[in-house]
Amino acid sequence: MRAGDLVAVALKPGPSWLAVLRHAREAGAAVLPIDVRLAEPERAAIINTAQPTLIAGEEGVRRIEGVPIDPAIALVIATSGTSGDARLAELPAVAVETAVVASADAIDARAGDRWVSCLPLAHIGGLLVLERHLVLGAPVSFRRRLTRSVIAGLGEARFTSLVPTQLTRLLDGGADLGRFRAILVGGSGVDAELAARAAEAGVRMVPTYGMTETCGGVVYAGRPLAGVEVRTARWGELLVRGPTLMRGYRLDPEASVSAFEPGGWLRTGDGGEVDEEGTVRVFGRLADVIVSGGEKIWPAEVETAVSSHPGVAAVLVSGSPDREWGQRVVARIVPRHRADPPTLASLREHAAASLARHKLPRELVIVERLDRTALGKIRRR
């Protein structure tokens with residue numbers, strides 16, 4: 001590696017990643033993680049978009065004709081959007097270091113505290129666990145997946161990052177999560193039921209909000225990290241400003257410009273609000289909001305109300321065209337018992353305890369499963 005190289009890395013999770021990241025940082029090169037679970041055409045599409053100068057994999061390293069990168073950039077991460085083609089966010093080394101230090105201060109993580117890496121390393125949440133080793137010197141243990149027995153044998157591990165699906169499964173399995181000083185949970189929203197279950201089990205669960213473009217979570221338990229500002233635009237979109245933001249999208253100047261508002265505010269694409277005390281509340285993706293009879297309905301709040309129904313294993317709420325209402329609320333349900341799925345009437349009655357009538361589902365679709373990303377996000381579209 002040399003200064004200005006962009007290294008596309010397709011390696012299985014493990015200690016070799018730490019050496020690659022360290023070597024790249026010392027050389028002034030940037031790392032583009034490639035998910036080893038991708039099919040060859042998917043890998044090729046990312047390589048074609050990124051134009052790296054080196055490709056590293058289990059079979060070795062080869063140099064190719066690519067486009068050099070600013071040596072100030074440390075990471076290039078494919079956005080994990082739930083629809084459309086991924087863009088490649090360029091994250092400066094100073095942004096990564098600032099994010100790691102601010103996170104450590106927020107959860108009182110010290111240099112000698114061991115972290116457990118169990119998220120895909122092609123995503124910012126997984127890669128930031130390794131960056132804590134580079135920046136703080138924190139030891140890291142790699143586990144392909146966490147189970148009750150795996151956690152029982154972790155020894156002195158004190159922190160980890162999970163997505164809600166992982167946390168739910170560990171709680172279902174009776175894992176001893178109280179051994180962790182904190183568990184960061186991101187990737188998608190944490191509903192009230194999951195938060196209550198974690199608290200009851202004695203788990204210090206810290207819900208985080210952020211994205212690839214912000215260098216991961218920059219809002220912890222509703223409060224922005226040190227140096228991070230969050231405000232709501234007049235059209236209801238959350239905007240973020242601070243030292244952890246991306247430089248822009250690789251080789252896509254038009255998208256880079258449109259990602260920011262004047263003053264360096266990043267457009268998140270999420271609807272939300274910031275109260276007088278500075279607490280951030282996220283409603284969901286603006287593109288997903290349902291407008292029915294002139295009322296705005298956020299799918300996430302309907303999903304929270306419906307998911308607690310005893311007959312529901314998983315739910316996706318979306319809008320469907322409706323001649324009378326403009327859009328109607330549709331609930332796609334994976335039933336707990338296929339032979340006895342819930343009815344629309346029972347769902348509406350259950351959800352009415354916490355939702356206004358105009359937010360209740362008007363259509364029910366029974367499905368076998370919901371398509372999800374590697375981080376557990378539902379692919380709504």
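**View 1. The buried residues of helix α9 pack against β20 (290-292), β21 (295-297), β22 (312-322), β23 (326-335) and α10 (344-351).** Helices (H or I, at least four residues) and strands (E, at least two) are DSSP runs, numbered from the N terminus. This is a predicted model: local features need pLDDT of at least 70, side-chain atom pairs count only at pLDDT 80 or more, and totals for chains, interfaces and linings use all residues. Residues are numbered from 1 along each chain as its sequence is written, and side-chain values use heavy atoms, without hydrogens or water.

Which residues of α9 (residues 299-307) are buried? They are Pro299, Val302, Glu303, Ala305 and Val306. Buried means under 20% relative accessible area, exposed over 50%, partly exposed in between (1.4 Å probe, protein chains only). These residues lie on the same side of α9, because they cover an arc of only 165 degrees around the axis. The arc is that of the directions from the helix axis to the C-beta atoms.

**View 2. Ile107 sits in the largest nonpolar core.** A nonpolar core is a set of buried Ala, Val, Leu, Ile, Met, Phe, Trp, Tyr and Cys residues joined through side-chain atoms within 4.5 Å. Helix α3 (residues 93-107) gives the most, with seven residues. Beyond four places in sequence, Ile107 is in contact (heavy atoms within 4.5 Å) with residues including Trp115, Phe159 and Tyr220.

**View 3. The whole structure has zero disulfides.** A disulfide is a pair of cysteine sulfur atoms within 2.5 Å. The sulfur of Cys118 is 18 Å from the closest cysteine sulfur, in Cys215, so it is too far for a bond.
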